[in-house]
Amino acid sequence: MGLFGGYTFFTKSVNVSRDIIPQSVVQRVKSPYPAIQDAAYDKMLRTRFTAVLDDPGAAVAPLLSVDRSRALLGATNNLKGLGRILTLQDLLADYKVRLTI
């Protein structure tokens with residue numbers, strides 16, 4: 001049994017609010033991840049990722065296929081993938097980890 005007696009609490013609160021919340025919101029497709037719609041953030045991720053690809057000495061470089069990574073860069077909805085790679089790059093660089101593959 002979960003918090004507040006499982007899903008019963010959640011289901012009842014959603015049913016009570018159906019008269020208040022627009023149907024388009026109640027019936028929308030839910031996503032477990034928030035969508036970032038800031039164009040500047042998207043541009044920053046792509047710029048940083050391009051810099052990593054252009055740097056053969058980047059900490060994460062041994063793990064990347066440049067061709068596949070450039071394809072990822074060109075995809076429209078790949079922010080999670082870019083963000084994960086950049087986070088790994090930052091972690092490896094901050095702790096001065098050198099990978100040999």
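Guide: Here is a walk through the model, one question at a time.

Visitor: What should I know before reading any values?

Guide: This is a predicted model, in which local features need pLDDT of at least 70 and side-chain atom pairs count only at pLDDT 80 or more, while totals for chains, interfaces and linings use all residues. Residues are numbered from 1 along each chain as its sequence is written, and side-chain values use heavy atoms, with hydrogens and water left out.

Visitor: What is the mean pLDDT of the protein?

Guide: The mean is 80, and 74% of the residues reach 70 or more. Over residues 4-9 the pLDDT is below 50, and this stretch has two contacts in the model beyond near neighbours in sequence. The pLDDT is the predictor's confidence in each residue, from 0 to 100, and a contact means heavy atoms within 4.5 Å. Where pLDDT is low, the predicted coordinates should not be read in detail.

Visitor: How many helices and strands does the secondary structure come to?

Guide: There are five helices and zero strands, so the elements run α-α-α-α-α from the N terminus on, given that helices (H or I, at least four residues) and strands (E, at least two) are DSSP runs, numbered from the N terminus.

Visitor: How do you know what span to expect for H5?

Guide: The expected span of a helix is 1.5 Å times one less than its number of residues. Helix H5, residues 79-94, has 16 residues and reaches 22 Å from its first C-alpha to its last, close to the 22 Å expected.

Visitor: Which residues of H5 are buried, and what covers them?

Guide: Leu82, Gly83, Ile85, Leu86, Gln89 and Leu92 are buried. Their cover includes helix H3 (39-54) and helix H4 (66-74).

Visitor: Why is glutamine 89 called buried?

Guide: Buried means under 20% relative accessible area, exposed over 50%, and partly exposed in between (1.4 Å probe, protein chains only). Glutamine 89 has 11% relative accessibility, so this residue counts as buried. Leaving aside residues up to four places away in sequence, glutamine 89 touches Val52, Ala58, Ala59 and Val60. A polar atom of the glutamine 89 side chain also lies 2.9 Å from the backbone nitrogen of valine 60.

Visitor: Is serine 69 buried or exposed?

Guide: Serine 69, found in helix H4, has a relative accessible area of 6%, so this serine is buried.

Visitor: How much of the protein counts as buried?

Guide: Of its 101 residues, 21% count as buried.

Visitor: What makes aspartate 42 and arginine 46 a salt bridge?

Guide: A salt bridge is a side-chain nitrogen of Lys or Arg within 4 Å of a carboxyl oxygen of Asp or Glu. The closest N and O atoms of aspartate 42 and arginine 46 are 2.7 Å apart, so the pair forms a salt bridge. The two are four residues apart in helix H3, so about one helical turn separates them. Arginine 46 is buried, because its relative accessible area is 18%.

Visitor: How many salt bridges does the structure hold?

Guide: It holds three. In one of them, the side chains of arginine 48 and aspartate 90 meet at 2.6 Å, N to O. Arginine 48 lies in helix H3 and aspartate 90 in helix H5, so the pair ties together parts that are 42 residues apart in sequence. Arginine 48, at 32% relative accessibility, counts as partly exposed, and aspartate 90, at 31%, counts as partly exposed too.

Visitor: What does aspartate 54 form with arginine 70?

Guide: They form a salt bridge, with the closest N and O atoms 2.8 Å apart. The pair links distant parts of the chain, 16 residues apart: aspartate 54 is in helix H3 and arginine 70 in helix H4. Arginine 70 has a relative accessible area of 36%, so this arginine is partly exposed.

Visitor: What is the phi of lysine 96?

Guide: Lysine 96 has a positive phi of about 55° although it is not a glycine. Most residues other than glycine have a negative phi. Lysine 96 is in the segment after H5, and at 70% relative accessibility this lysine counts as exposed.

Note on methods:
Polar contact = N/O pair within 3.5 Å; in protein donor to acceptor, adjacent residues only side chain to side chain.
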